[in-house]
Every structure is written in structure tokens, then in C-alpha cells.
There are 4 protein chains.
Amino acid sequence: MSSTFGNKIKISIFGESHGGGIGVVIDGLPAGERIDLDAVLAQMARRAPGRDKTATPRKESDTPKILSGMLGGTLTGAPLCAVIENTNTRSRDYGELLSKPRPAHSDFTAYVKYHAANDIRGGGHFSGRLTAPLVFAGAVCRQLLERKNILIAAHIKQIGGVCDEGFDPVTVDGALMARLSRSSFALIDESREDAMRAEVDAARLAQDSVGGIVECAVTGLPVGVGEPMFDGVEGAVAKAVFGVPAVKGIEFGAGFALASMRGSLANDPFRFKDGRVVTETNNCGGILGGITDGMPLIFRAAIKPTPSISQPQKTVDLRTGENTVLEIHGRHDPCIVPRAVPVIEAAAAVALIDLM
Amino acid sequence: MSSTFGNKIKISIFGESHGGGIGVVIDGLPAGERIDLDAVLAQMARRAPGRDKTATPRKESDTPKILSGMLGGTLTGAPLCAVIENTNTRSRDYGELLSKPRPAHSDFTAYVKYHAANDIRGGGHFSGRLTAPLVFAGAVCRQLLERKNILIAAHIKQIGGVCDEGFDPVTVDGALMARLSRSSFALIDESREDAMRAEVDAARLAQDSVGGIVECAVTGLPVGVGEPMFDGVEGAVAKAVFGVPAVKGIEFGAGFALASMRGSLANDPFRFKDGRVVTETNNCGGILGGITDGMPLIFRAAIKPTPSISQPQKTVDLRTGENTVLEIHGRHDPCIVPRAVPVIEAAAAVALIDLM
Amino acid sequence: MSSTFGNKIKISIFGESHGGGIGVVIDGLPAGERIDLDAVLAQMARRAPGRDKTATPRKESDTPKILSGMLGGTLTGAPLCAVIENTNTRSRDYGELLSKPRPAHSDFTAYVKYHAANDIRGGGHFSGRLTAPLVFAGAVCRQLLERKNILIAAHIKQIGGVCDEGFDPVTVDGALMARLSRSSFALIDESREDAMRAEVDAARLAQDSVGGIVECAVTGLPVGVGEPMFDGVEGAVAKAVFGVPAVKGIEFGAGFALASMRGSLANDPFRFKDGRVVTETNNCGGILGGITDGMPLIFRAAIKPTPSISQPQKTVDLRTGENTVLEIHGRHDPCIVPRAVPVIEAAAAVALIDLM
Amino acid sequence: MSSTFGNKIKISIFGESHGGGIGVVIDGLPAGERIDLDAVLAQMARRAPGRDKTATPRKESDTPKILSGMLGGTLTGAPLCAVIENTNTRSRDYGELLSKPRPAHSDFTAYVKYHAANDIRGGGHFSGRLTAPLVFAGAVCRQLLERKNILIAAHIKQIGGVCDEGFDPVTVDGALMARLSRSSFALIDESREDAMRAEVDAARLAQDSVGGIVECAVTGLPVGVGEPMFDGVEGAVAKAVFGVPAVKGIEFGAGFALASMRGSLANDPFRFKDGRVVTETNNCGGILGGITDGMPLIFRAAIKPTPSISQPQKTVDLRTGENTVLEIHGRHDPCIVPRAVPVIEAAAAVALIDLM
């Protein structure tokens, strides 16, 4: 495992879905900064399941307990450790899962890599629940960024066949950022909510699940963040974002659309505006040569459909060596995309703080 | 800067386009392994410009000189250092570029970040020429991988509006891999070459450039490579691939297409085949939970159009503080996508060796 | 702060003396290994105060709670997290310490570095109590080492003016190692105990403290451990050992005595013995060129006297800007050297596991 | 191997004694800083052999060639690479050494670790010659430190039985620092030179070698440098200094002498002096809790006698499996301690820059 991120700050995430607790240690935060814990909890609430009918039925009590690094609301300079106790450690029978890996889950690869010793209950360390400590870390980091007027917000760009409009990459609006970063179903065009929920409901009724895309914007970044070649902004953000289970792609600025563009169109012209250098378009997503150029940082992450579905699925029985069929009982979250929004924001926050 | 990559091996790339030389130090390679330098040179030749009419006019003499780490063709265990001398250190007049940043280039961000002290000649450390040492490193690493029957090959998936077919993600053929990994214009369906070259020529005639997509496959990986959460295969490969200038997106397996898929379709069913666990489809791109599952690793990288074009472009004059127009004289490579193929392969090789 | 150690494994220590809890996350341990928690607790008991009349009066309840990474006594492959709750979070009045730094303590440097936001209660993150999670980590690591017949044991080489004999560096005895590694007042020549305790008592009666030297041996290491130049055994062990508060020096083999030796005496002659290459002497401490040579690894760590003493001491008042005198009330541990023995062993275990 | 150092800057040292060349890549240096190459060369000359009758007979031409990272004397922000060509690549017959490891050398451990593939000529990567690139890196770093009034100087504290006086740890004099940092036989009490040279000559005449101690001081450090627990000043400096071959011990401040001291003597009293907090004594060596306290940083490194001596020595023949005797012909440097002075300074410079 390497659930550790960062160079200037070091983030270490621990826990398993049904173990004693999950949490995070953040080493290297600046002493003396005040942290608004209510704002942290608000971010964690956006990620928590059970707030919304699109969410997983499990009710989590995700209130983190701060063990160190904060005194009277202020960072002490010592590693910040937050622990979230697991209240649901009763396990239903996972016996079948131990030998019948769920398709598209980590069951099979973890079984081989960890010599069948991994804690499979609830997905163990691979559970989406492990994104809770990441959101905690991101919520702390984004407060530090906000003091430099750096704002992070994401929205649901797509669920199944339904799309939200995209950020205007040149003029990302502060009020929009503020609204999105508090929303639990974050959309730029809020009129798309019903169609998206219908997409999710259709998947649920079909005992199926559905994927989507989260688009994230970061405004207020100064020129000069990023350490190319290998700690450029794209690489650093990608490493953090791919730490989020279910992410299978990331693109910056115009991304894959650049493949069919000509340079004359793709190249963002420089202009002076109010004494500052800006670009007229933002196909590069605010990054040139791996370094921020002062325009909004824009990226999109592809989220695969939740692998847990109630339909019978073809799999193998590792014990008997035979092909078989798996049925996973119980209710499953048919779409994690809305809850992935604050997680992707958190990953961006963590990556950016580490570069600054 | 942070032109350093890796944990188990440490790769440090140095050089500027028109400085004394470029090169790489690779620390942590296994002693006693033989390296076929001709095979390394063959990989470097695939990347070198001037071999092909789609390429930049500059002729490079990219023969690396091994300064340490190899004796009689065998790795000694000491850091492997290869240096490529720059023969073309005469600089045309870069005076204008110093104050007029080229759109979509690193000129502006490097100017701010490095306090105008960066070597702008030929793009300095941001030059595509710096991918030569990466290809050297990758060529060494892929030889070590090949001894474990791990093969890496990529092809031009798209240039502008013309597409090659994709890898069959389940049954990537060894003969195809071998052919592609030697090709300087790597296509699965070779009949697409004329159409692609026409796309490049059209861009050249228009004093323009064009982008594309490189698709890469890795076969023979054992189950269990990858260290989630943050050094999972996706994150590690992405960090290396985003170290390649011009890459603006990466996706694994079905990637962004997963956004509109249902889980019942996206989940790759497990089956036993010849005593081994395989999947019937490969939408996950050979990675489950950040760990290889034994199926081919498949990813695609989006390459933006070469920013250097001969058309007049809007930019700013940093010296005078005024908006202006920039004309870049000389011939430019209208499409780097064919030469990006071995570079992307090299990035994958380096990332995978580091995880094994 | 950077309370993070390791490359192959990542150890992150958190906590403050009087905060909610202290603990450690260990990422990268091998899945499937059984851990004997009783043996871990036995090591922690050796470090804990209050077991011995030489120790600090505070009674700690240092039973760690495993939050993740272990299931049914077996490592799962996920990060191992252990938390020790702080029961003594009532603080006596630290008001004076806030402005009057204790000589030889971190009070002054932490005050400046952490902008007076550091948690000064009980020394905060600088407390000797933070060695408890290090001993936990070391106790886990040494179990993994013991399965390869690698044993670690240390003894009190010196307290004040009283010395124990040293390890025979060539023939360190297994029975001796076993005895020392369980002892709470570890001596090779147990007849020295009374004289050493008298040294400690004399310091206590004088409201003073006294320093010492811990000598550590590691047997059973294979030839070839260590990654020179900068992760050689000396550097790696030193980095871990200097992570222990109060350590001010480290030497390997004959160490500083080599300064006055001739090469003809210092060079350890090689001999074949029972088909194995050994050395007749062991002035190099089992390390040649930063790499283990198969002989016992021997090093010594200098421990400064406990800075907390009850005598009035000259210090400054940071609030008033005036010179003043500080009196620290309460009882203090006049000698931490006996309790430092298992901590130094733990640091060695952690450093060696990371190199293997 | 892991010849890589640093977190904020990354230093990668490469080369083998008789290979094509040796050198260093330094990634992360600040752009825009001017580097005085003559001052760098002056430092390298202090380390180079052949300048002094105590030195090895080999004449090195150690003029480094800057390949990247510097333009017109100014750092560009790209990785700084310096290469020193090896002119003496003709090798005498090393055949015997291949099977008869020199006592106290890395021959045996490197043979095992690197599967007999290591370059044994001249010691390969383990040669003292590899300290030349370290001195280059240190000379660059100390220039950056000097701009903040941080000065580094060391002296020969001891050779064999002859000692120089020590630094006054409280009042290290700037003029003394300047003199020492230019000296090729650095002594505080220069009248000790004859006695020390006699010690070296006596060893030479006896076909033997002799060890010593280098003491280093760093003045002008601000309060607050160091990242405990594991990147505290002691640990960071130790890791760099143990990267220097032949170093077997390091101690800070009063070091091992603290073992026999009482706290009332060892604790350095704080006082206000000229509005600044100072300590009346400096037994802690300028470091409290792993963090600089504004007093001079003082440490000593133990250097073992040069292992290469002309006397016959007992060793083994790895080929035949028999005990044998080795005679090393040719002239050998009987004492590297004078030349180790600038190397230890360089290691300190590199470690401190990385912490700042």
C-alpha cells in the first residue's frame, strides 16, 4: 500500500471500512492557522451517504475526532490527526465474497496482492468510505487556500446520458464557485437536476448503476505553481485524483478535444487586461508547461459506474476454480457521482497545497 | 523544478535545449543486468526528429554517452548516467521571445516562475528535446520488463480528424506489439497512414499544427502491481505521462466513455481460462483498485497541437506592457504525435519499473 | 514538522503529550504476516515510565488500540494504525512555561518556529511520550526481522560516570540478545546495576539529572543491506535514531576511537569460517561502504541528561524581554537512559526494515 | 544504490572512479541566483588530491563542465548538472582485487550486493573521488547560504594522536570561519600543523594510514531550521555526512561527553543579549528539539583510517574459497582527513539548504 501523498505536506490515510476506525495524519501544515471545524464538517457532510435519495443506504456517523495538531481551533504545527470511528463494524456474511470476487472491484487484485489477508468487509481499505479522511484533509487545505483567495469548486458534468453545461473556462464566477462548493448535488444549470436524478433512478430500478464526469475549477491561483517535469500541475493533480476509487480518466482544459484541434485554435492568445496578463481562451486549463498561468485551472475526472450492482454477474470461485455467478444482496448506491464532487475538490486542494 | 521521478528507482532528467548537453541519471537499477545499447538507440531514433517528413527540420545527433553505471554492457549497480551533447548550441535571435511569450508555450509561466532567468533558447528545459533522456530511461527499463515478458507498445490513435482503430483490450497480440514498438509511424491499421499524413500536411500548408491521441498497451503484467491509494497504477502512470510536454489528458480502459455506461455493461466479468483468471471484457484497462489484474493495461494520452506555428499570433510584450502580435519564423514540426509514441511508451516503462 | 520516516515503508507519528491521543500509521507492511500483540505490549512496557524507581512518576496507560491494518492478528496490507489515548489531559499551569523557555528543551525553538501556536503542555509533540508510538512501530518491525533471524538488542553502556562492558563485536551471543531485549534495565554485566542506580539517585537527590550511552547490536543481518551513498546503513540508522529526543551523537563500530587508530589495526581482516566470510575484528561495526557485511551491526547513541530539573535555572522571559530564573516544580525523571534502550532498538528496527 | 539526497532540492550523484565521468544533478535550486564558479573551483581544489604532500599521488583534473541549469553565471531554474571527465580511465590490473576483497573496503559487500557486476576499478562508485561532485553541490549551496550570512567552516580536530583545539561553541569568530573555509590544511591553532603532518608521515613510512576527526561550525543560522522528528537538524545533517565514505560517527554540541554530564551543567542557560535570545554555553550544538536555536551549529565527524595500506593484509579469495594475504602495490594516501574537511562542509551545506 502507499496511501501516503505529498512532499511539502505528507498525508497518510488509514482505515478499513469495517475496522476500528478510519482517519488521516497530515504532517507539515503551517502552525498558527485557524481551522473552522464547522466548515470541515460541512464538506464531509457533502460526501457522506444517506443525505440524498441517490445515496447508499448506510448511515455514517462521520464526525472526526481530532487527536493532535490542533489546540483551541488553531494548528499547532504538529501532525494533524483526525479519526472517524466505525460504528458499523458488524459484518454481514462476507464468506462468499472471499472466494467470489465482485467484477470491477478490487476483490480479486487485493486477494492476490495481499495474500488473501486483506480485510474484505465493506471493501476494506478500498472502500469509498476511505474518501472521508481525504475530504477532511482537503477541507483543511482549502481553508488555507481560501485565505489566498484560491477557490475550488466542482460540479456534476455528466451522469449517464445527461450533461450539465461546462464552466466558462475564462470567466469562472466567484458566486457560482461559492454556490457549488456548498451544494450536495452540484450543478451549474440547476434545471438539469431532475433529468440526472431520473438517470440514477432508472439505473436503480434496473438493479444497475451509472457513471459520470466531475468537472472542477480552481480560481485565484497565482502564476507559477507547479514543478515540471514530474511535479507539474497536471501530474500532481492527477496523482491525487487517481487516488480516488472509481476515477478512470482526467483531462485538463480542452483535454481530449485538443486531439482534433489545430494549434491556431488551441493556442490561447495572451492579452493584457487590467494590468495583468490573461488569455482570451483557456484551452490549456490554466496550465502552461506544467505551471499555472493565472487563469482558472479546469479539469474533468471520469467516474466509472459503481461496480456493486444487484444483478447476477459472472465471476469465478477462487476456491473451487470454477466459473460461477455472483448475486450481491442488499441495497447499493447506483451512482456515486454527486458525492464524488467534494472528493475531487479535496484531491485538488491537497495536490495544490503541496505544490505551494 | 522537479524533474525527478520514482521511489524505488530515481530518475533525474537534466538539460536545456541549447545548453551544453542533456541527459539522465537513473539510480536504483539492478546490478548485473545486461543492456542492449543498440535497442536503446533504436528507441531513441523513433523519437528523434528529421527521420520523417512529418518531423521538425532540426537534425539531432542524439547518441548518448554513458558516463557511469554500465561496464561491458552490464549494469554495475551504480547510478546510470547518459549524456547527449547539444551540437546545435548556436542560437538564433531569441530576443523577441524573451519579451513576447509564445501562446500555449511555457515562455510566460517560466518567465514569471524563474524570474526571467530561465534559458529560453529552444524552449530550454521545457523543450520537447528533453524527452530524449526520458526515452533513454524508458528503453533501459523496458528491457528489464521484457525479461519478465512484459511488453509495451503504443500507436497513433488519432491525428486531427483521422483515427486508427483501437487495441482489442482483451487480446492484444504479441506480433502487433512487436511491430508497433519498432515503428516510427505506429498504426494498428497501416492503411490509415496516408490519411493521417494528409492531415499533417494540411496543417503544415496552413502554417498550423495539429494534435492527436496516443494509445498504449502493456501486456504480460502479473496480477498485483500498483500501490493504492496514491501509487496505484493509474496515478503512477499518469504522473510519468504528464511529465511529457503537450499531454493534457489520460484515460485508462474505457476511460471517459465509462461516464455514460451502466455498471452491468462496464463491469468486466471474471472467467477462468487455461487455469488463469481473466476478464471477458477490459473496460477497466487491466487495473482494479489501482492494482493490475493480469489483463492488458490500456491507456490513452491526449496530445495538444504543437504550440509553435508560423501564423501571426496575438500575444503581449512583457517589456512594454502592450498587446502585440508575434510571428515565429523558421520551420516547425506541425505534428509531434508520431514521435510522441515512443515517449509515452517510455513514460509507461519508467512508471511500471518503479512499481515492481 | 516532518514526523514521517521511510521509503519502502512509511511511518507517520502523531500526537501531543496532553492532546487527545498519540499514535502511528505504518504504511507498506507485508500482508499476511502475523503480529504478536503481547510481544508488542512487552516492548512498550519496557519504555513506559513508572515501572521502575528510576522513572518519571507519571503513570501512563499506553495500551494501543489498533484502528486498521490488522485483522485477527494478521496484517491486512492496509496501513497499520495504532492509537494510544491520552488519559492525563488535565494540564497543570503551563502559563509560566509559555513565556519562560526551559533550558535545553524545545520550548524556545518551537515557540519561534511554530509562531507560539505549538502545544506546550507536557512538551507537546516534543514530549518523550512520542517515543511510545515509535516503540510500537519498532516492535512490529522487529517481529518481521526476527522471522529472518535478525535480532536487535541494546544495553545501557553508560550512565554518568558508570559504564557497563561493551558488546563483543565479533561474537554477540544470542542468549545475551534475548535477555537484553526483554530487560527493563538492560546490562551486559548485571553487577553494574547498583552503581548505575546510585548514579541516578545521586542526581535525583541533587534535583539534577544525568545522561548516558545506549549501545545497540543487530545480529543475523545478511550481507548486502544498505543503499549508499545516502541511504547507507549508517545514514539510515542515524536518521531514525536522531528522531529520538535527547540523542546527540551516534557512532558505528569503533566509531570515534577510529580517529586515533592506524589502518593496520582498524581494518578488519577477512577470513573464511564455516564456509562463510567473516571478519576477525569488527571495528567497522558490521558495515562496509554503507552496506552490511554479515557481522553484527554495532552502534552507540549518546543521550543527553534530561533537561527538566528542579533546580532554579537561568532563562529569559519572552514576554517581558528580561532575563529571569525558572523553577520547575513537580518530580522529574532524573535519567531516561534505561527507558531509552527499547526506543533505540525500535529506531534501529524501523530503519533496517525500510532498507530490506 | 541511492545516491540521491534531499526533499526540497534533489541531489543525484553519479559516476565511478574509472568510468567515463562523474558528476551531479541538483534539482530545485532557486532561479536567478548568481553562482561564482571560481569560488566553486576553489572549494573543489581543497578536496582534490595532489596539492599537498599528505595527499594521494593521483593528479585529478577535476574541472567540472556545466551541462545545464546555468546561463551566463546565473541559475536558470532547470536542474544544474556538472560533469567531471575521468582522464585516468586506464586501469592497472584489478584482477586480484576482483576476488580478494580489501579489508575495510566496500569490495566484499559490493561484490555480494551487486552480484559481482560492480565496477571495482579505483573503488568504482565507492571511490573517495565521488566526493568531488558532493563538494561541487556543497559549494553551490554554501553560496546561497552565504547570502543569508550563514557561514560554514570546518577544521581538522584530530589526526591520530594529535589534536587541534576546538571551536569556542558560543563565540565562533567570522574571521576564523573565513580563514578555515579557504584552507587546505584547516586548523584553528596553526601551530599544530607540524605535529599532525608528522603523524601522517609516520603512518606513511610504516606503510600504514591514520584516521581523525573533522569538526564543523555553521554560524548565522536563524532560529527555526529543522523539521522534527525525523528531519530534525541532527538527522538531516547526519544523513548527508554519513554519505561521505569513511565517516563512522557524528556528534552534535558536547555529543558523547553529555553522557557523563549532569543536566545542571549540560543545560544551556538562556539570556537576552543585544535584544536577541542567546545561550551562555552551547552544549546542545545550536539545536534544541531538532531545530536551530540561533547559536552556532557545531558537530564532529569521525573519519576512519584510509583502508588502502601497503602492508600485507589477511583476506579471503572469493574465487578459491581460501584464506589468503593481499598486498596492494602502489602509493596510497595515508590520511584523507585534511581533504575531508571541505567534504564535510559540503555535506552540511547540502543538508541545511534542503531544510530551509
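Tutor: Contact here means heavy atoms within 4.5 Å. Please keep in mind that this is a predicted model.

Student: Understood. Where does A:Asp164 lie?

Tutor: A:Asp164 belongs to the loop of chain A between strand S9 (162-163) and helix H5 (174-180).

Student: Which residues is A:Asp164 in contact with, leaving aside its neighbours within four places in sequence?

Tutor: They are A:His155, A:Ile156, A:Lys157, A:Leu187, A:Ile188, A:Asp189, A:Arg192 and A:Met196.

Student: Is A:Asp164 buried or exposed?

Tutor: A:Asp164 is buried, and it has no salt bridge. The nearest side chain of opposite charge belongs to A:Arg192, 5.9 Å away.

Student: With what does the side chain of A:Asp164 make a polar contact?

Tutor: One partner is the side chain of A:His155, at 2.7 Å. The side chain of A:Asp164 also reaches the backbone nitrogen of A:Asp189, at 2.9 Å.

Student: Turning to chain C, which residues of helix H1 are buried?

Tutor: In helix H1 (residues 37-47) of chain C, the buried residues are C:Val40, C:Gln43, C:Met44, C:Arg46 and C:Arg47. Viewed down the axis of H1(C), they fall within an arc of 155°, so they line one face of the helix.

Student: What covers the buried residues of H1(C)?

Tutor: The covering elements of chain C include strand S7 (80-85), helix H4 (131-146), helix H5 (174-180) and helix H9 (337-355).

Student: And what is found at the start of H1(C)?

Tutor: There, a side-chain oxygen of C:Asp36 comes to within 3.0 Å of the backbone nitrogen of C:Asp38.

Student: Now the interfaces. How many residues of chain B are in contact with chain D?

Tutor: On chain B, 38 residues are in contact with 38 residues of chain D. The two chains bury about 2,700 Å² between them, with 61% of it on carbon and sulfur atoms.

Student: How many salt bridges does the rule find across the interface of chain B and chain D?

Tutor: The rule finds zero salt bridges there, but it does find 14 residue pairs in polar contact across the interface of chain B and chain D. S2(B) gives the most to the side of chain B that touches chain D, with five residues.

Student: How far apart are the nearest C-alpha atoms of chain B and chain C?

Tutor: They are 7 Å apart, and chain B and chain C do not touch. Chain A and chain D do not touch either, their nearest C-alpha atoms being 7 Å apart.

Technical notes
Residues numbered from 1 in each chain as written. Chains lettered and ligands numbered in written order. Predicted model: local features only at pLDDT ≥ 70, side-chain atom pairs only at ≥ 80, totals over all residues. Heavy atoms only, no water. Helix = DSSP H or I, 4+ residues; strand = E, 2+ residues; numbered from the N terminus. Buried < 20%, exposed > 50% of the residue type's maximum accessible area, 1.4 Å probe, protein only. Lys, Arg positive; Asp, Glu negative; His and termini not counted. Salt bridge = Lys/Arg side-chain N within 4 Å of Asp/Glu carboxyl O. Polar contact = N/O pair within 3.5 Å; in protein donor to acceptor, adjacent residues only side chain to side chain. Arc of directions from axis to C-beta. Buried area = accessible area lost by both parts, 1.4 Å probe.
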